[in-house]
Amino acid sequence: MKVRNIPHQPLFGGHTSTASYALGFVLSLLLTMIAFFLVGKKILSGTALGVAIFGLAVLQVMVQLRYYLNLGKEVGPKWNFWAFFFMLALLLIIVVGSLFIMASLNYRMMAM
Amino acid sequence: MGEQPIVYTQSERYSRTLFGFWLYLLTDCLMFAAFFATYVVLRNGTHDGPTAQDIFRLWHAFGVTVLLLAASLFAGLSRVEAFRGKKMGTMLQLMITIVIGCWFLSATFFESAHLLEKGYSWQTSAFLSAFFTVIWVHSLHILAAIIWSLVLLSQLFFRGITEHTFRRLTILAMFWQFLSILWVFTFTIVYLMGIGGL
């Protein structure tokens with residue numbers, strides 16, 4: 001008995017194939033291994049390392065959002081896609097705002 | 001007033017549930033972002049206690065990362081099987097997901113137990129307070145996913161693949177995938193930055 005009557009959306013695994021999951025898994029694993037390798041073998045340090053591992057993390061999240069959750073492949077009005085970006089906007093305000101404020105306080109309250 | 005009851009079609013129930021759950025996941029992201037920001041601010045507040053480089057082990061972090069990637073993979077595969085109407089395959093993949101989830105949880109538990117044995121608790125320093133909070137809020141979500149998976153497994157066993165179990169399996173797979181995505185940030189910000197001395 002196959003499932004019928006689900007909306008014809010490729011979203012959230014609607015018609016996600018095993019191939020898509022397998023590819024997503026392999027890419028995620030690869031990106032993870034590169035990040036751990038950079039730290040483990042001390043290839044980079046300081047700001048360069050920070051940028052590299054953060055970049056790899058963002059890349060991996062994009063891979064997972066694309067290949068596992070099919071974000072961006074919706075048919076019709078992309079409610080899910082835009083809700084995600086709204087969340088991202090709020091998140092940046094909260095996180096960057098907090099980090100900026102705390103760093104600023106830290107600086108201003110330093111001992112003379 | 002005499003309002004007519006609203007009747008939804010199966011297709012509408014499916015769309016609404018998925019969108020609603022997606023919105024929940026997004027709010028959960030905001031919550032985790034707040035915990036991560038707190039950790040980032042407090043990570044050097046080690047007081048007299050251990051630093052990140054003292055307590056984090058690269059292989060532990062890598063191991064549990066692979067586990068979580070696998071768990072979300074099998075949750076997705078379980079749904080693919082359900083989409084094809086295969087009850088046995090669905091249940092099998094879901095069982096594998098549960099086993100892997102339990103493995104992750106016990107690994108995290110033993111890491112924490114190990115730290116507590118050495119006398120390093122959330123009361124030792126701001127860094128450790130923030131660390132234990134991030135790790136355990138995430139782990140409680142994993143525990144919830146495991147319990148949910150067990151309940152759904154029994155529903156699949158007794159009722160098979162129905163409109164309802166399929167819809168629930170879809171959002172459960174989304175939940176596992178979301179937890180895996182969160183862990184990417186956790187291991188990057190906590191473990192990699194910690195061990196890398198950032």
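## Confidence

Chain B averages a pLDDT of 94, and 99% of its residues score at least 70. This is a predicted model. For the complex, the predictor gives an ipTM of 0.85 and a pTM of 0.91. Where pLDDT is low, the predicted coordinates should not be read in detail.

## Chain A

Chain A has 3 helices and 0 strands. Read from the N terminus, its elements run α-α-α. Of the 112 residues in chain A, 36% are buried.

Now take the contacts within chain A that have a separation of 6 or more. Residues 24 or more positions apart account for 61% of them.

## Where the chains meet

The contact draws 49 residues from chain B and 48 residues from chain A. The size of an interface is often given as the accessible area lost when the parts come together. Here the area buried between chain B and chain A is about 4,400 Å². Carbon and sulfur atoms give 81% of that area.

In chain B, the residues that lose the most area to chain A are B:Trp22, B:Leu69 and B:Phe83. Together they make up 14% of what that side buries.

## What the interface is made of

How many salt bridges does the rule find across the interface of chain B and chain A? It finds 0. Polar contact links 3 residue pairs across this interface, with both residues at pLDDT 80 or more.

Three elements of chain B each supply at least two residues of the side that touches chain A: helix H1 (10–42), helix H3 (58–83) and helix H6 (163–195). By class, that side of chain B has 35 nonpolar, 12 polar and 2 charged residues.

Notes
Residues are numbered from 1 along each chain as its sequence is written. Chains are lettered from A and ligands numbered from 1 in the order in which they are written. This is a predicted model: local features need pLDDT of at least 70, side-chain atom pairs count only at pLDDT 80 or more; totals for chains, interfaces and linings use all residues. Side-chain values use heavy atoms; hydrogens and water are left out. Contact means heavy atoms within 4.5 Å. Buried area is the accessible area (1.4 Å probe) that two parts lose on being put together, summed over both. A salt bridge is a side-chain nitrogen of Lys or Arg within 4 Å of a carboxyl oxygen of Asp or Glu. A polar contact is a pair of N or O atoms within 3.5 Å; within protein, one must be able to donate a hydrogen and the other to accept it, and residues adjacent in sequence count only if both atoms are side-chain atoms. Helices (H or I, at least four residues) and strands (E, at least two) are DSSP runs, numbered from the N terminus. Ala, Val, Leu, Ile, Met, Phe, Trp, Tyr, Cys and Pro count as nonpolar, Asp, Glu, Lys and Arg as charged, and the others, Gly among them, as polar. pLDDT is the predictor's confidence in each residue, from 0 to 100. Buried means under 20% relative accessible area, exposed over 50%, partly exposed in between (1.4 Å probe, protein chains only).
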